Amino acid sequence: MTSADFVPDTRSLRTLRQAARDCRGCPLWEDATQTVFGEGPRKARLMLVGEQPGDEEDLEGEPFVGPAGRVLDDALRAAGISRGEVYLTNAVKHFKWRARGRRRLHQTPRAGEIEACRPWLEAELEAIKPVGLVALGATAGRALFGPGVRVGQDRGRLLESPLAPLAALTLHPSAVLRLHDHNEREGAMAALVEDLRMVAVGVADR
Ligand code: SF4
C-alpha cells in the first residue's frame with residue numbers, strides 16, 4: 001500500500017492536509033502523534049522540502065518548528081527570504097523514531113517509506129507549482145531528483161528537473177546543527193544560505 005489510496009483528486013491544500021491526517025499508506029503513522037503536512041501559501045513561488053518531521057514537529061503538527069526549523073529561519077533571514085512566502089514540507093509526513101530512555105531519536109526513513117509517501121509530495125507540487133524548488137538534505141534530494149544526487153557533489157548549483165524551473169539541493173538545517181566545531185558550523189550555514197539565496201534570486205528574476 002502507498003499513500004496514493006488516501007490522496008484525494010483535488011489540489012486544494014486544505015483538503016489535502018485534512019485527508020493526510022488519516023493516511024495509513026505505510027506503517028510510520030503508528031508511532032507518530034500526527035501527520036505533519038506542508039505549510040505555506042498556495043501562491044508560494046519557492047518550495048522547500050526536508051526529510052521528515054522531528055520530535056517537536058510531531059507534537060505540534062507543523063513542519064520546521066523545532067531546532068532545525070530555527071536554523072532554517074536564520075538561514076532564510078540571512079538569504080533575504082521571508083518564511084511566510086515559502087511553502088515548507090517534508091518528503092515523509094510522519095515522524096520516524098526509536099526510543100532511547102525517554103528520548104525519541106530520529107530515524108532515517110527507508111526508501112520504501114519515502115516512496116509510499118511520494119503521492120502527497122506530488123500533490124503538493126501540483127498544488128503549488130513552485131518556480132524554485134529546494135531539497136534540504138539527501139533524503140529530500142533523492143525523493144525529488146532521484147537516487148544519483150549527493151549533497152556534497154550537487155549543492156551550490158542549479159539542477160535540471162521537470163519539477164520546477166529552478167531546482168537545487170542543499171544541506172538540511174539539522175546537518176548544520178550536528179556540527180560542533182564552530183568553523184565547520186559557520187561554513188555549513190554559509191553554504192545553506194548561499195544555496196537558498198541562489199534560488200531566491202533566480203525566482204525573483206522570473
Ligand atoms: S509517512 Fe506518509 S505514507 Fe506513511 S502513513 Fe504517513 S503520510 Fe502516509
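F64 lies in the loop between helix 2 (55-60) and helix 3 (67-78), where helices (H or I, at least four residues) and strands (E, at least two) are DSSP runs numbered from the N terminus. The model is a predicted one, in which local features need pLDDT of at least 70 and side-chain atom pairs count only at pLDDT 80 or more, while totals for chains, interfaces and linings use all residues. Residues are numbered from 1 along each chain as its sequence is written.

Although F64 is not a glycine, its phi is positive, at about 55°. F64 counts as buried because 27 other C-beta atoms lie within 10 Å; the cut-off for buried is 20 or more such atoms, for exposed 12 or fewer, and partly exposed lies in between, with C-beta atoms placed from the backbone. K129 also has a positive phi, of about 45°, without being a glycine, and its place is the loop between helix 4 and strand 5. With 15 other C-beta atoms within 10 Å, however, K129 is partly exposed.

## Overall build

The protein has eight helices and six strands, and from the N terminus on these elements follow the order α-β-α-α-β-β-β-α-β-α-α-β-α-α. Its radius of gyration is 16 Å, close to the 17 Å that the globule rule gives for 206 residues, so the protein is as compact as a globular protein of that length; the radius is taken over C-alpha atoms, and the rule is 2.2 Å times the number of residues to the power 0.38.

The C-alpha atoms fill a box of roughly 45 × 40 × 30 Å along the principal axes, and buried residues make up 44% of the 206 residues. Of the contacts (C-beta atoms within 7 Å) with a separation of 6 or more, 70% join residues 24 or more positions apart.

G50 is located in strand 1 (residues 46-50), and it counts as buried because it has 27 C-beta neighbours inside 10 Å. Leaving out residues up to four places away in sequence, G50 touches P63, F64, N90, L136, G137, A140 and H172.

In helix 5 (residues 138-145), the buried residues are T139, A140, G141, A143 and L144. Their cover includes strand 1, helix 4, strand 5 (132-136), helix 6 (151-154) and strand 6 (166-170). After helix 5 comes G146, which has a positive phi near 100°.

## Around the ligand

Of the 15 residues around the ligand, C23, G25, C26, H94 and C117 come nearest, a residue being near if its C-beta atom, placed from the backbone, lies within 6 Å. Helix 4 (residues 111-128) gives the most to this shell, with three residues. By class, the shell has nine nonpolar, four polar and two charged residues, where Ala, Val, Leu, Ile, Met, Phe, Trp, Tyr, Cys and Pro count as nonpolar, Asp, Glu, Lys and Arg as charged, and the others, Gly among them, as polar.

How far is G50 from C23, 27 residues apart along the chain? Their C-alpha atoms are separated by 19 Å.

Key: Contact = placed C-beta atoms within 7 Å.
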